[in-house]
Amino acid sequence: MKPTLALRSHLDPQNGHYLGNWGHFGGEKQRGIVTYGLSANRQNPWAGSVHAAIFNTFRRTKGQIFFWLPPMVAGYYLMDWATERNHYYQSKAGRAEFGEEAE
């Protein structure tokens, strides 16, 4: 028997019985295992998503708030201070007070 023929056939070359497909070589079929499935067009992909989004977002935010809130507040106040300071530097009073230092 040619090697390619042996690779293509599903027969056991020594005994002559069917071995089965790949992954299911020989032996009896499994028993006692029950699987259930639901067709894709019978499922509701948005079931519970609004409820889960609200409570999951709250839970995750509660766990991370001290990591992002203080830097955000500090950045906001720093940016507010810098903006007000820049407006003062560009005003008439600011130019009169700090005009000599810039030149």
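Colleague: Where in the protein is confidence lowest, and where is it highest?
Modeller: Lowest in helix α1 (residues 3-8), with a mean pLDDT of 54, and highest in α2, at 95. pLDDT is the predictor's confidence in each residue, from 0 to 100, and helices are DSSP runs of H or I, at least four residues, numbered from the N terminus. This is a predicted model, so local features need pLDDT of at least 70, side-chain atom pairs count only at 80 or more, and totals for chains, interfaces and linings use all residues. Residues are numbered from 1 along each chain as its sequence is written, and side-chain values use heavy atoms, with hydrogens and water left out.

Colleague: What's the mean pLDDT of the protein?
Modeller: It's 80, with 68% of the residues at 70 or more.

Colleague: Switching to rings: how many aromatic pairs?
Modeller: Three, counting Phe, Tyr and Trp (its six-membered ring) with centres within 6.5 Å; planes under 30 degrees apart are stacked, over 60 edge-to-face, the rest tilted. Tyr88 and Phe98 make an edge-to-face pair, 6.4 Å centre to centre with 85° between the planes.

Colleague: Which helices does that pair link?
Modeller: Tyr88 sits in α2 (residues 49-89) and Phe98 in α3 (residues 92-102), ten residues apart. Phe98 also pairs edge-to-face with Tyr89, at 5.2 Å and 80°. Tyr88, Tyr89 and Phe98 form one aromatic cluster.

Colleague: Why does Phe98 count as partly exposed?
Modeller: Because its relative accessibility is 22%, and buried means under 20%, exposed over 50%, partly exposed in between (1.4 Å probe, protein chains only). Tyr88 is partly exposed at 29%, and so is Tyr89 at 35%.

How values were computed
Helices (H or I, at least four residues) and strands (E, at least two) are DSSP runs, numbered from the N terminus.
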